[in-house]
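Could you walk me through this protein model?

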Amino acid sequence: MTLSQTFADFATGLTIDAIPERVRERARHLILDSVGTGLAAVGAPWAEASFAAAGDLGSGTAPVLGYGRTLAMRDAALMNGLVTHGLDYDDTHSRGIIHATVSAFPTALVAADKASASGADLLVAYVAAMEISTRVAAVGAGGFHGFGFHPTGLIGAFGSTLAAGRLLGLDAQQIAMAQGIVLSMAGGSLEFLDDGAWTKRLHPGWAASSALTAATLAKRGFVGPPAAYEGRFGLYALYLRDAAPALLARATEALGESWEIEAVSVKPLPACHMTHAAIDAAIALRTEYALTAADIAKVIVLVPEAVIPIVCEPIAPKRTPRTGYDAQFSIPYTVATALLTGKFTLDALDPAALSDSAVLDLATRVDYAIDPDSDYPKHFTGEVIVQTHDGRMLRHREAINRGASDRPLSNADIDAKYFENAARTVDAPRAAHIRAAVLDMDRHPASALGDVLAGATAPQGVSV
């Protein structure tokens, strides 16, 4: 069997009872985390521009988080992916280095709504998408980034196709075909890293939109290539140039028995996951030694070699980020902020923070080096070494980043993060209502969840 067939059989055969309750509970909380990050993004300039553009492309009744029911299914999926990923505060599967929820959930939400499916069906489709996207990404072992591709957009399209196919009523053969079709749609360039452009925000939404397109084409009999992954010009040959058989086995290893959802990391900080250990190390040093900017002569941050092109280079613009997105992918800026303020929150991405002269001055003294002891991508390690003007050499290492599968945030932690994010756009009673709708989703029709999320912030026209 091809991988496409194996995945299709898994997706069509998965039942709610086959998913352990602890996995279902974690899945609901991962969705809650995604909804919270999306609520915090409603009204952002890039979200407003995207919603206006989507309206120009057509109309419909599919639910969009915080923006009502005015868009067609594919455009609603694009918007939901964009807002839930746009602040880069969403979950990450470390072995695959992929933000999987922000394509899987937007796909499942609008497809379940379209099909008048149950909330339980939505949850099962989401879990199926997560299990496949994370495994397919893990085969890459971090290699997709090396060729300039963003796995969240590239790989998210494949898992999401399984969710779309299941909910839209495709059989296993059609779902296998749909994966071959989406191969010609999947993508995601890392070019945004050089200038803080908005394009990364589109990647999971585009993956979701592509998945819905591919599934609908396959349902109508459109023919796609059967070997979407292992074929001569399949996913791995195209985007990795090769994939060792030992790595390829990761795609199906213990499928349906071991649950990759339990290895998904929830972000405690609103920045690229590759910066988290360094931020926490910087906060620890500031707390222990009561450091001020005047104390610090130089800072060296030890990072995994593979992350250097993403969060450390080119060094000059990383020290003077032009946008919040630039800042989220900058070791100099995030570490300088943490050393000076003892925290790193969404407020650090505001224009006023980006022009803070004290932070920018310290960022010029932050450099990096390869961490020889990193076990990346299992963990996103980070060590901060501060050289003080009085000759001290202070250092702190985070060998296991917070949120990793072996240092996870609890469901209670996710609740707290959700309410903090939701408070940026909704009042406390409404935030509690949304939380209840998400955590009880499998007891109600999927459309009920869509109604709650679409009406979350009561938009006025295009502005919220």
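Here is a briefing that goes from the annotated domain to the sheet, the core and a few local details.

This is a predicted model, in which local features need pLDDT of at least 70, side-chain atom pairs count only at pLDDT 80 or more, and totals for chains, interfaces and linings use all residues. Residues are numbered from 1 along each chain as its sequence is written, and side-chain values use heavy atoms, with hydrogens and water left out.

**The annotated domain**

- An unreviewed UniProt entry places "domain: MmgE/PrpD C-terminal" at residues 270-441; such annotations may be inferred rather than shown by experiment.
- Over residues 270-441, the chain is 43% helix and 15% strand. Helices (H or I, at least four residues) and strands (E, at least two) are DSSP runs numbered from the N terminus.
- The end C-alpha atoms of this stretch are 27 Å apart.

**The sheet**

- Four strands make an open sheet in the order S6-S5-S7-S8, with mixed pairing; two strands pair if DSSP finds at least two bridges between them.
- Strand S6 (366-370) and strand S8 (393-398) each have a single partner strand, so one side of each is left without a neighbour in the sheet.
- On average, neighbouring strands of this sheet are turned by 20° against each other, direction ignored.
- Strand S7 (residues 382-388) pairs with S8 in the antiparallel sense over six bridges. Val 386 has Leu 394 in S8 as its bridge partner, and Gln 387 stands opposite Met 393 in S8.
- S7 and S8 form a hairpin with four residues between them, and Gly 391 in the turn has a positive phi of about 95°.

**Helices on the sheet**

- Helix H14 (residues 276-289) lies across strand S5 (296-303), S7 and S8, and runs at about 135° to S8. Axes are lines fitted to C-alpha atoms, for helices over the stretch in contact, and angles run from 0 to 180 degrees between N-to-C directions.
- Helix H18 (residues 331-341) packs on the sheet and touches S5, S6 and S7, its direction making about 125° with that of S5. Contact here means heavy atoms within 4.5 Å.

**The nonpolar core**

- The largest nonpolar core has 159 residues. Such a core is a set of buried Ala, Val, Leu, Ile, Met, Phe, Trp, Tyr and Cys residues joined through side-chain atoms within 4.5 Å.
- Val 35, Tyr 126, Leu 235 and Val 438 have the most contacts inside this core, while helix H6 (residues 119-139) gives the largest share, 13 residues.
- Among the residues that Leu 235 touches are Val 136, Leu 154 and Phe 158.

- In general, most residues other than glycine have a negative phi, and most peptide bonds are trans.
- A cis peptide bond, with omega about -5°, joins Glu 313 and Pro 314; Pro 314 is in the loop between helix H15 (308-311) and helix H16 (315-319).
- The bond from Tyr 376 to Pro 377 is also cis, with omega near 5°, and Pro 377 lies in the loop between S6 and S7.
- Ala 141, in the loop between H6 and helix H7 (143-146), has a positive phi near 50°.
- Ala 141 is partly exposed, with a relative accessible area of 36%; buried means under 20%, exposed over 50%, and partly exposed in between (1.4 Å probe, protein chains only).

Terms used. Lists of a residue's contacts leave out its neighbours within four places in sequence.
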